[in-house]
Amino acid sequence: MYGFLYQTMLIEFSVGNYRSFKEIVTLSLVATNLKAKNEQVDENNVFQVDDKLSLLKNAVIYGANASGKSNLIQAFEFMKDFILNSSRETQITDEIATDKFKLSTESEAQPSFFELVFILEEKIYRYGFEIERMRVISEWLFHIPKKKETCLFNRKFNDFEMTKVFSEGKGLEEKTRKNSLFLSVAAQFNGKISQKILFWLDRETVVLSGLKSNYYQLLTTNYVLEYPKYQSDIADFLRGFDLGIEAIRIKPSLYNTIEENYNGNLTEEAKQAILASIQNSISAQLEQIKTLHLKYNDEGEVIATVTFDLDKHESEGTKKLFAFAIPFLLALQNGGVLLIDELDARIHPAIVREIVKLFNSKQSNPGNAQLIFVTHDTNLLDNELLRRDQIWFIEKDNKGASDLYSLAEFKVRNDASYKNDYLKGKYGAIPYFGQSESFNR
């Protein structure tokens, strides 16, 4: 899941209904020329790709409940999973597990559209596809080797057009099922370009749910067991948030727990059987994680350390920060793209603000990792923390479709309070309580 080899960046992500362009939403990480509007901006929040292109290090998405914020993150997760697995985990009779927009008679019968624009090894790529329930309607891959965008391949149903640059796809047309992606098939057959793209998606884009930290806690634990040096890095990361944790300790494996409980009087077969019965248990893994705290006397002097069990004694917010520590650290150290739904759930607003600062900073984020997250924390709506083009809003129109737009599209005074204006409804994307008086009858 983790580990980065290539310097890559996300430029844009688009999702919607291709035949109805008004229902396509695009999240862009291209920096806007805000200085042209006499606005003070923090250049730490952007990084220069070339003379013409600057990208943002993070983007935050606001909106009312049920406005479509989580759907945007889930759409990226679906696209990633479909690209990685469509050629190997589906049969010709399998349906494509995409959700239709069911609130419009016009769009529920239309294909779903997904497109990514990204940089990989100093080239800009644009890849996307259009799908129905049982088949891929179209699929395309373009790149910009120098200045002009050129096509690598273009697919319409089962008709394929390829250029010489994408010769890795020749002869694979017949091996591509109607419900699988050509890019995935080419990667399965060791295509150079296609493998690099799938590697980027697999290793350098990570989608996290802020409400499912137990799952990521297990992944973080396993990663540290494989790479013990990250134990001290995680401790440093957590110490920076004033959680009272001085160090962490993780037992090397479940075998130790088995040996301790049975005093070593087990055959290898018995140990394997017990391990198999508990290896899917989250609690079995969590009990291995210990946190060390300082103990003080009446004079405030440190006299000892006290060991806590992470699962039993630490707060839910602390457990979540531990769970996210590895994806955060690897992104900050090496680059990559993190997409997080409900980042602020169970975490203090000051800590969320500090996380945003870590990604904005040139010192703590030398690899220009990009953080995209959904939140309700309005304390982040601050022109000293975020540029206007880093702040996005999503709201439903009168037909229930989501509309995504940036604060950079509004005329905003230099001294304006983004937070207050948002809560007053000036930017939209807030709940409307027009029918709430019915509860007072």
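Visitor: Which backbone nitrogen does the side chain of S28 reach, and at what distance?
Guide: Happy to start there, and please keep in mind that this is a predicted model. S28 sits in strand β2, which covers residues 25-28. From there, the side chain of S28 reaches a backbone nitrogen at 3.2 Å. That nitrogen belongs to V30.

Visitor: Is S28 buried or exposed?
Guide: Setting aside neighbours within four places in sequence, S28 is in contact with I11, E12, L56 and W392. Its relative accessibility is 15%, and the cut-off for a buried residue is under 20%. S28 therefore counts as buried.

Visitor: Stepping back, what percentage of the residues in the protein are buried?
Guide: The secondary structure comes to twelve helices and 18 strands. Among contacts with a separation of 6 or more, 64% are accounted for by residues 24 or more positions apart. Of the 441 residues in the protein, the buried share is 51%.

Visitor: How is α4 oriented to α5?
Guide: α4 packs with α5 (residues 230-239) at an angle of about 135°, and their axes are 8 Å apart. Roughly antiparallel would need an angle over 145 degrees. The arrangement of α4 to α5 is therefore oblique.

Visitor: Which residues make the contact of α4 with α5, and how many of them are charged?
Guide: From α4 come T220, Y223 and V224, and from α5 come Y230, Q231 and I234. T220, Y223 and V224 are also among the α4 residues that meet α10. The residues of the contact of α4 with α5 divide into four nonpolar and two polar, and the number of charged ones is none.

Visitor: Now the loops. Is N190 buried or exposed?
Guide: N190 lies in the loop between α2 (182-188) and α3 (192-204). Phi of N190 is near 65°, a positive value in a residue other than glycine. With 59% relative accessibility against a cut-off of over 50%, N190 counts as exposed.

Visitor: And what about N368, is that residue buried or exposed?
Guide: N368 is placed in the loop between α11 (349-360) and β16 (370-374). It has a positive phi of about 55° although it is not a glycine. Its relative accessible area is 16%, so N368 is buried.

Visitor: How far apart are the C-alpha atoms of A369 and G336?
Guide: A369 is in the loop between α11 and β16, and it is buried, with a relative accessible area of 0%. Leaving aside neighbours within four places in sequence, its contacts are K57, A331, L332, G335, G336 and F359. A369 and G336 are 33 residues apart along the chain, yet their C-alpha atoms are separated by 4.8 Å.

Visitor: What separates the C-alpha atoms of K147 and I124 in space?
Guide: K147 has its place in the loop between β8 (136-144) and β9 (150-156). It is exposed, with a relative accessible area of 80%. K147 and I124 are 23 residues apart in sequence, and from C-alpha to C-alpha the distance is 9.9 Å.

Visitor: One last stop in β9: what is the relative accessible area of L152?
Guide: L152 lies in strand β9. Beyond its neighbours within four places in sequence, L152 is in contact with residues including Y125, L141, F142, M162, V165, F166 and I193. L152 is buried, and its relative accessible area is 0%.

Methods
Residues are numbered from 1 along each chain as its sequence is written. This is a predicted model: local features need pLDDT of at least 70, side-chain atom pairs count only at pLDDT 80 or more; totals for chains, interfaces and linings use all residues. Side-chain values use heavy atoms; hydrogens and water are left out. Contact means heavy atoms within 4.5 Å. Helices (H or I, at least four residues) and strands (E, at least two) are DSSP runs, numbered from the N terminus. Buried means under 20% relative accessible area, exposed over 50%, partly exposed in between (1.4 Å probe, protein chains only). A polar contact is a pair of N or O atoms within 3.5 Å; within protein, one must be able to donate a hydrogen and the other to accept it, and residues adjacent in sequence count only if both atoms are side-chain atoms. Axes are lines fitted to C-alpha atoms, for helices over the stretch in contact, and angles run from 0 to 180 degrees between N-to-C directions. Angles under 35 degrees count as roughly parallel, over 145 as roughly antiparallel, 65 to 115 as roughly perpendicular and the rest as oblique. Ala, Val, Leu, Ile, Met, Phe, Trp, Tyr, Cys and Pro count as nonpolar, Asp, Glu, Lys and Arg as charged, and the others, Gly among them, as polar.
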